[in-house]
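Please look over the structure below before reading on.

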Amino acid sequence: MERCWPPVNPPPLCVSLQLVALVTFLCFAASRSLGAYTALAAMETVITALFFLLYLLKLDKKLSWLLWPLADMFNSVVAALFLLVVCLFAVIIKTNSGTLAGGVLGLVLLVLCVVDAVLLYQKMSFGGPRGRSTPGK
């Protein structure tokens, strides 16, 4: 079987992003938190699943007009910024234990999004391969 994961993301990171986003959404939904909490967690769950399907079905190779790792990195950075604001509010306000658990898991998701963005940035090559710029002896 060929590798169905994106070449820049390790499989455990992809799976953990999806699972933590889903559990965060379920915590916010079960606690009947404010709409912003639930909407952000649901949005991140759906977008992460769509990127997973994109790479799983190898649509990134068929739709080569867009630099998919860059779009994935942009998603991770924007999600991290939104998660920082919303989850800090959820932890500070903590109307009930479900909101507090969702906020803490959202902060874990924030860390995973930052790790994902950093790994994507390190693996991307803009205009040529990365490596030593000096010739070998």
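**Annotated spans**

The model is predicted. In it, the protein chain has 5 helices and 0 strands.

- The span 69-93 is one of those that UniProt, in an unreviewed entry, annotates as "transmembrane region"; the record also lists residues 39-57 and 99-121.
- Residues 99-121 are likewise 100% helix and 0% strand, with end C-alpha atoms 32 Å apart.

**The chain as a whole**

- Read from the N terminus, the order of elements is α-α-α-α-α.
- The protein chain has 137 residues, and 36% of them are buried.
- Among contacts with a separation of 6 or more, 67% join residues 24 or more positions apart.

**Helix α5**

- Helix α5 covers residues 97-123, which is 27 residues.
- From first C-alpha to last, α5 reaches 39 Å, close to the 39 Å expected at 1.5 Å a residue.
- The N-terminal end of α5 is capped by Asn-96, which has a side-chain oxygen 3.2 Å from the backbone nitrogen of Gly-98.
- Buried residues in α5 include Gly-98, Gly-102, Gly-103, Gly-106, Leu-109, Leu-112, Cys-113 and Asp-116.
- An α-helix has 3.6 residues a turn, so residues three or four places apart point the same way.

**Val-114**

- Val-114 is also located in helix α5.
- Is Val-114 buried or partly exposed? Val-114 counts as partly exposed because its relative accessible area is 41%, and that class lies between the cut-offs of 20% and 50%.
- Val-78 is 36 residues away from Val-114 along the chain, and their C-alpha atoms are separated by 9.9 Å.

**The largest nonpolar core**

- The largest nonpolar core has 18 residues, and the members that touch the most others are Leu-17, Phe-28, Tyr-37, Leu-83, Leu-109, Leu-112 and Cys-113.
- Two or more residues of this core come from each of α1 (11-30), α2 (35-56), α4 (68-93) and α5.
- The element that gives the most to this core is α4, with 6 residues.
- Which residues does Cys-113 touch, leaving aside those up to four places away in sequence? Cys-113 touches Leu-17, Glu-44, Ser-76, Ala-79, Ala-80 and Leu-83.

Terms used. Residues numbered from 1 in each chain as written. Predicted model: local features only at pLDDT ≥ 70, side-chain atom pairs only at ≥ 80, totals over all residues. Heavy atoms only, no water. Helix = DSSP H or I, 4+ residues; strand = E, 2+ residues; numbered from the N terminus. Expected span 1.5 Å × (residues − 1). Buried < 20%, exposed > 50% of the residue type's maximum accessible area, 1.4 Å probe, protein only. Polar contact = N/O pair within 3.5 Å; in protein donor to acceptor, adjacent residues only side chain to side chain. Core = buried A, V, L, I, M, F, W, Y, C linked by side-chain atoms within 4.5 Å. Contact = heavy atoms within 4.5 Å. UniProt positions renumbered as here; feature names shortened; annotations may be inferred.
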